[in-house]
Amino acid sequence: MSLASGHEAHDLEGDEFERLTRNFPPYRTGLVRLSPGGWVFPKQYRKYADHLYNFEVRPTDVFLVTYPKVGTTWTQEILWTMIFNPDLDNPKQEVSLEKRSPFLDVDMLFPAETTPETEEFMKPALEEFKKLCPGKDPKDGMYWQIGAACRDRPRILKSHLPLSLLPPSLVDVAKVVYVIRNPADVITSYCHHCSLFTEMKFTGTVEEFAELFLNDDVVYSPYWLHVKEAWEKRSHPNMHILRFEDMKSDVTKELRKLNDFLGTKLNEKQLENVKKHTTFDAMKNRTTIFDFDITEKSPFVDPEVLKKDGGFFRQGTTGDGKKKLSPEMLKRLKEWCGKRFDFGLTFD
Ligand code: A3P
């Protein structure tokens, strides 16, 4: 099947399907791989692909484009706070981050067969959808339609899709912020995420997850190509690339650069406000970040994993990959990075 982006989406079958879904029970309802690129998605992606590719972009938009687990939520809160809440007095800060900054491609992540849990999960979005999109059909995808109907100026929109699957005019029309993180830490963070959330129920080990990641077999992979597509646009005046590690080592410096890029003209006091409001602990302790419960009581979270390894806000540090992955896997990862990121990026 051809998509508006020019890609073909093939159902994964046979040994390949078995390999990708062995430790991911919910994905056994179907995965697709795109060509070219090799992008892996749940099969529902097909339903939303053209809507996402043809999404109407406005010159006032700020898009946050990332591969999962690179610090997206942190950056989302930074962007929203810089633009709408630099004095920390905007009452809308109590509204979930999902509503303040719509995540366009979520619909495809829900299993094809609706369960009572997924219905419960979607309830807040459905209410928002009915409010913002009267007369529209939620089956066409609620989240991108919520994004399209968002009345904020600018709209701060988030997507985990690579640039080649987003509107081709995106970088020419809107401002784009892209985040890169060390692949070793992406692996351990993404593995934890997939084990924690019941929508993915990953049952394997971190080494097995790393194996899938290196084979470009995880949903939203290939990571290196995701990064490469953004990196190639790094000199475009509408593109701003952040690195998680730089944010960790000197967030004020990164906030200043963002201030210039966004044209927000924040003073030092306001930048300090943003910094304080978006620390790991501040965000972890705010219960309003997500519409859905992420505590051990939540049906979307495995309480055992949460107790043992932490929740969504797990560590927020650099270097976890080096601690969790075996020396053999780290050696392979180093070689992989050397080959895959040969377009000019290195990782410590
Ligand atoms: P860890 O699992 O390594 O702790 P995303 O938002 O893209 O899913 O990324 C999640 C990762 O960012 C998690 O990494 C999470 O803990 C970390 N994170 C979230 N908020 C953060 C913050 N304010 N400061 C630093 N790291 C943060």
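Me: Which residue has a polar backbone atom 3.4 Å from a nitrogen atom of the ligand?
Reply: This is a predicted model, and the distances are computed from its atoms. A pair of N or O atoms counts as a polar contact within 3.5 Å. The ligand nitrogen lies 3.4 Å from a polar backbone atom, and the residue that supplies this atom is Phe280.

Me: How much of the ligand's exposed area does the protein bury?
Reply: Taken alone, the ligand exposes 570 Å². Of that area, the share buried by the protein is 98%.

Me: Which element gives the largest share of the shell around the ligand?
Reply: Two elements give two or more residues to this shell, namely helix 14 (280-285) and helix 3 (72-84). The largest share amounts to three residues, and the element that gives it is helix 3.

Me: How many charged residues does the shell around the ligand have?
Reply: The shell comprises 18 residues, with Thr72, Thr73, Ser189, Gln315 and Gly316 coming nearest. By class, seven are nonpolar and eight are polar, and the number of charged residues is three.

Me: How many charged residues are in the lining of the largest cavity?
Reply: The count of cavities of 30 Å³ or more is one, and the largest cavity holds about 50 Å³ of space. Its lining has 12 residues, among them Pro26, Tyr27 and Pro42. Eight of the lining residues are nonpolar and three are polar, while the number that are charged is one.

Methods. Residues numbered from 1 in each chain as written. Predicted model: local features only at pLDDT ≥ 70, side-chain atom pairs only at ≥ 80, totals over all residues. Heavy atoms only, no water. Near = heavy atom within 4 Å. Polar contact = N/O pair within 3.5 Å; in protein donor to acceptor, adjacent residues only side chain to side chain. Areas by Shrake-Rupley, 256 points an atom, 1.4 Å probe, with all protein chains shown as cover. Helix = DSSP H or I, 4+ residues; strand = E, 2+ residues; numbered from the N terminus. Nonpolar A, V, L, I, M, F, W, Y, C, P; charged D, E, K, R; others polar. 1 Å grid on protein atoms, 1.4 Å probe; cavity = no way out; pocket = protein on both sides within 12 Å on 5 of 7 lines; lining within 4 Å. Points joined across faces, edges and corners; volume = space filled by probe spheres on them.
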